[in-house]
Amino acid sequence: MKIRDSAMPEREMWETFFKPKAVLATLGINKQIKDVVEFGCGYGTFTIPASQMIGGTVYALDIEPGMISVAADAAKKQGLNNVRTILRDFVTEGSGLPDESMAYAMLFNILHLEHPEVLIGEAKRVLKKNGKLGVIHWNYDPLTPRGPAMEIRPTQEDCWGWIENAGFHSLQRYDLRPYHYGIVAIK
Ligand SMILES: C[S@@+](CC[C@H](N)C(=O)[O-])C[C@H]1O[C@@H](n2cnc3c(N)ncnc32)[C@H](O)[C@@H]1O
């Protein structure tokens with residue numbers, strides 16, 4: 001089941017909203033991190049730079065064949081052999097990844113789904129002990145140039161509470177100006 005309000009604008013527009021490498025470095029992505037799962041990779045805006053910054057493989061999941069093919073093509077064009085794109089509905093089917101297999105889980109711009117606690121639980125399941133969860137989302141501000149409708153857009157406090165309730169610890173928050181906030185937590 002496709003996440004509500006998760007259709008993407010044109011790639012050129014989407015990619016003006018972030019500085020992906022700087023965001024990833026701020027959220028603790030580096031060479032010491034081995035395998036990473038990205039839930040809802042979209043165009044690969046974060047997939048591609050993450051794959052160049054880590055020591056393992058990025059498992060990039062998306063429900064849209066069009067998104068998977070853009071992300072896979074970008075990886076191929078850049079000669080990256082550590083990106084695995086996976087066409088999958090992780091809301092209905094889960095990620096399909098083994099328990100405790102990942103060092104980092106990325107939940108970027110998707111926590112406005114109906115049952116965020118279920119997705120955060122799935123991220124926790126696949127993370128190794130001491131693995132990291134990284135979340136970014138649009139500021140709770142109607143003036144952002146995109147982002148889900150305010151009625152379903154989570155606040156930073158909503159995300160913080162869901163992550164804490166899932167049993168993660170050592171939460172840290174980040175201001176990812178101009179339009180986003182970030183949270184990193186440890187399993
Ligand atoms: C708003 S975009 C964010 C993309 C990327 N995380 C980023 O920040 O650039 C959300 C993505 O989640 C995907 N998606 C929505 N529902 C999904 C589902 N049930 N299973 C897998 N992917 C899903 C959409 O196709 C879309 O590419």
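The model is predicted, so local features need pLDDT of at least 70 and side-chain atom pairs count only at pLDDT 80 or more, while totals for chains, interfaces and linings use all residues. Residues are numbered from 1 along each chain as its sequence is written, and side-chain values use heavy atoms, with hydrogens and water left out.

**Around the ligand**

- There are 23 residues around the ligand, and Met 1, Trp 14, Gly 40, Asp 62 and Asn 109 come nearest (a residue is near if one of its heavy atoms lies within 4 Å).
- Polar contacts are pairs of N or O atoms within 3.5 Å: a ligand nitrogen atom lies 3.0 Å from a backbone N or O atom of Ile 63.
- For Asp 89, a side-chain N or O atom is 2.9 Å from a nitrogen atom of the ligand.
- On its own, the ligand has 610 Å² of accessible area, and the protein covers 98% of it (Shrake-Rupley method, 1.4 Å probe).

- Arg 177 and Pro 178 are joined by a cis peptide bond, with omega about 10 degrees.
- Glu 100 is not a glycine, yet has a positive phi of about 50 degrees. Its relative accessible area of 48% makes Glu 100 partly exposed (between buried, under 20%, and exposed, over 50%, with a 1.4 Å probe and protein chains only).
- Asn 109, also a residue other than glycine, has a positive phi near 65 degrees. Asn 109 counts as buried, at 9% relative accessibility.

Notes
A polar contact is a pair of N or O atoms within 3.5 Å; within protein, one must be able to donate a hydrogen and the other to accept it, and residues adjacent in sequence count only if both atoms are side-chain atoms.
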